[in-house]
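Me: I've just opened this one and I'm new to it. Can you walk me through a few spots?
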Amino acid sequence: MSGSAAPKVYGWCPGALRPMMSGDGLVVRIRAPLGRLSTTQAEGVAELAQTFGNGLLDISARANLQLRGIREDSFEDLIAGLRPLGLVDIDAAAEARRNILLAPFWQEDDDTHAIASALSAALTAATGLTLPGKFGFAIDCGAAPVLQDCAADIRIERGPAGLILRADGATTGKAVTRESAAAEALALARWFLDQGGAPEGRGRMHRLIARRGPPPSHGALALQRPFAATPGHTPAGTLAALEFGQMPAATLAELATHGEIRVTPWRMLLIEGARDLPPLPGLILDATDPRLQVTACTGAPGCLQALSATRDLARDLAPQLPEGTRLHVSGCAKGCACPGPSPVTLTATGADEFSLIRNGTAADQPLITNLSADRLRAAPELLTEGS
Ligand code: SF4
């Protein structure tokens, strides 16, 4: 841990009905049903973001769309605008339970689509089920898994011999069918609670599995497949990356004229059926763009906990990075934009003061401290020297 004060850990994610205060106003996060926005929904969200917020939209690592800079006195009007678009749950508890990530390449009525629909309905109805704030489900039933690097507690994915339900952290799962998967996922969530996975309301499945292993019925082998998304054409449409996972609302409105939109966990949008997209502010369409090698959180002034600005520095350093080297610039030791280790991390420890960490997280022991942004810009070789 670097020398700065420990960042505050909230233990929950913002929602539409449970917004979170940030440095630039309220953050309101929308869990679009099945991760998809129709043209009407996307245009409506863009308009609401401009009317009630600062006009900036983020994509979260759980494929949710986040409106930023919402004024407190506009919050109720924003929700009233989102409701007729079908983007608000019945209450905050249902919204929190319906924490489902699905592989964005699904086709209508395939296993991913059918299971995610059934699980969404089951979670909405499961009023007695109180899971930790960040507890989530990943539905990943395409030919090969694409979500194994994305955080989730319960996974439904395709194994070598068919669909399996897998507790995060386990290498084996339970064979399920399209019809049984949603009910089995809820049963596994209840098992997690019964086994003491969430003392004091917090906890993650992989920690419980590390302590006591998966249930005895989970003997079916899983496929282990790394997956890296890149901008470009896919059979389902075109993947467009967003610089730092953020775009102006006008970009979303323009994209909506090219097709319905799926939100992905890779800070990219999938535009259904689109072939060619115009260059738009915030969009990265070229798979070789150096900005794809950098990750940076909101930083100052948008985040209350940030000790320094992050994104201008990350943008300036991106073209200087050796090909394939990933850089994470974090406004504090919490490391929101990249919770896992990164080859190179710069963690802000004060106003215009950064620590350099190699092969670690934003909170790990630094190799060099007290680096200013200008020094890093003047000597970018510091990032990788001697590595
Ligand atoms: S990592 Fe960035 S976004 Fe997260 S709390 Fe720290 S400054 Fe804020």
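Me: Which residue takes a positive phi in the hairpin of S20 and S21?
Reply: That's Asp352, with a phi near 55 degrees. The hairpin has two residues between its strands. Keep in mind that this is a predicted model.

Me: OK, and how many bridges hold S20 and S21 together, and in which sense do they pair?
Reply: There are seven bridges, and the pairing is antiparallel. S20 covers residues 342-350, while S21 covers 353-360.

Me: What does Ser342 stand opposite in S21?
Reply: Ser342 faces Gly360 there.

Me: Which other strand is joined to S21?
Reply: S22, residues 368-371, is joined to S21 by two bridges, and those two strands run antiparallel as well. Across that pairing, Leu356 stands opposite Ile368.

Me: Why is S21 described as largely enclosed?
Reply: Because six of its eight residues are buried, S21 is largely enclosed by the rest of the structure. Buried here means under 20% relative accessible area.

Me: Switching topic: what surrounds the ligand?
Reply: Several cysteines do, including Cys297, Cys303, Cys332 and Cys336. Gln305, Ala306, Ser330, Gly331, Lys334 and Gly335 are there too.

Me: And how does that shell split by class?
Reply: Five residues are nonpolar, four are polar and one is charged.

Key:
Residues are numbered from 1 along each chain as its sequence is written. This is a predicted model: local features need pLDDT of at least 70, side-chain atom pairs count only at pLDDT 80 or more; totals for chains, interfaces and linings use all residues. Side-chain values use heavy atoms; hydrogens and water are left out. A residue is near a molecule or strand if one of its heavy atoms lies within 4 Å of it. Ala, Val, Leu, Ile, Met, Phe, Trp, Tyr, Cys and Pro count as nonpolar, Asp, Glu, Lys and Arg as charged, and the others, Gly among them, as polar. Buried means under 20% relative accessible area, exposed over 50%, partly exposed in between (1.4 Å probe, protein chains only). Helices (H or I, at least four residues) and strands (E, at least two) are DSSP runs, numbered from the N terminus. Two strands pair if DSSP finds at least two bridges between them.
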